[in-house]
Amino acid sequence: MLGTVLLLLALAKTACPSPASAASRRAEALKKLLEVFGMEDPPAPPTHFKQPPQYMVDLFNTVANADGVTKNPDILEGNTVRSFLDKTHSEEMRFLFVLSSVAKNEKILSAELHLFRLWPRVTDGPKRHHFCQVSVYQVLEKDKPDTPGGKKLLAARLVSLQTSGWEVFAITPAVREWTEDESSNQGLLVTVQGPGGSPLDSPPLQFASGRGHHESKKPMLVLFTDDGRRGASLPTAGFPGGSHMPGTTPLLGRSRSTRSLGRIQPCQRHPLFVDFEEIGWSGWIISPRGYNAFHCKGSCPFPLGENMRPTNHATVQSIINALKLSEGVSTPCCVPDKLYSINLLYFDDDENVVLKQYDDMVAGSCGCH
């Protein structure tokens, strides 16, 4: 995948005889680059300034460094995390999330309902509770959710009335049904009862709704999926050190015979920054603003030392080339021998915020193969 990215970036910048052909070549290259990122067309930027959910920003910062390079590939079970805001904007505890942007090839791993618990109402008297029971239901009958068969219990637990903050409920079965049959999505219903399930005249617990509360506290559905896209079989890993990827790497050694060749450089890694603003994607990509893909360049002279990280095959090829034991056998090539994934945090066409991980996007190190 990295090789495809490098070729497309080169095509996008290649000088052509006429402005028209240059624009056509650039458009074709960028369209192919979108395919690398699993898209047919770039999402339209939000119509107005929109703050991404803090949960998604924090998740990105946990998974990736500032350049988007994966710090730990084992944090996410799949390669995609989608967030959806409630579309009902109702004061009642009914919630509806439109999941039309979920692709058919995405495997649903888990789904969570995130609700912000407001500070409880002050109640007097001997019946004051310290906990209440919160239940989340999948609505089966939109207009009659309280009738028998009108709803299905997804999650229930006791919630403290002493604090405020986010509460997370697992709702995976409902979301799997909705993605298989979009018409079955009648939303969610949340109820608040006493500790034993007893009704409360005035529930002391309230959750922030989509209306009248700050955008950072709006109800949200978080969906973890995997689209099945995988990279090559080269070693992949989280970037060592985690917080920053250096712009250059040391030379992979230089023998005395190589130095005598003057300016011929041994196989090493060189910077190659992919600037999303220059490409024209900064309107919909939240983070990062760009990333260093790096590329491998240099010679693989005989004899290949261990510092050039050669494969056994490359060592044999180098010997045969040096001794001219067979015609048409070239020297080994300088190529990536370790690849890192990157993460994009972006707005999709429905202005939902998505975190997606892409394999094989950064050359971690170079070797003679």
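Hello everyone. Before we start, please keep in mind that this is a predicted model, where local features need pLDDT of at least 70, side-chain atom pairs count only at pLDDT 80 or more, and totals for chains, interfaces and linings use all residues. Residues are numbered from 1 along each chain as its sequence is written, and side-chain values use heavy atoms, with hydrogens and water left out.

Let's begin with the cysteines. A disulfide is a covalent bond between the sulfur atoms of two cysteines; here a pair counts when the sulfur atoms are within 2.5 Å. Counting bonded cysteines along the chain, the pattern is 1-4, 2-5, 3-6.

Cysteine 267 pairs with cysteine 334, with 2.2 Å between the sulfur atoms. This pair links distant parts of the chain, 67 residues apart: cysteine 267 sits in the loop between α5 (256–259) and β9 (268–270), and cysteine 334 in strand β14. As for terms, helices (H or I, at least four residues) and strands (E, at least two) are DSSP runs, numbered from the N terminus. The link is right-handed, with 75° about the S-S bond. Both of these cysteines are buried. Buried means under 20% relative accessible area, exposed over 50%, and partly exposed in between, using a 1.4 Å probe and protein chains only.

Next, cysteine 296 is joined to cysteine 366, S to S 2.0 Å. Cysteine 296 belongs to strand β13 (residues 295–297) and cysteine 366 to strand β15, so this bond ties together parts 70 residues apart in sequence. At -85° about the S-S bond, the link is left-handed. Cysteine 296 is buried at 16% relative accessibility, and cysteine 366 is buried at 2%.

Then we have cysteine 300 and cysteine 368, S to S 2.2 Å. Their torsion is about -95°, so this disulfide is left-handed. Cysteine 300 is buried at 4%, and cysteine 368 is buried at 0%.

Which cysteine has that of cysteine 300 as its nearest cysteine sulfur, 7.1 Å away? That is cysteine 333, which is in no disulfide. Cysteine 333 is partly exposed, at 45%.

Now to the surface. Aspartate 349 lies in the loop between β14 (334–347) and β15 (353–368), and counts as exposed at 57%.
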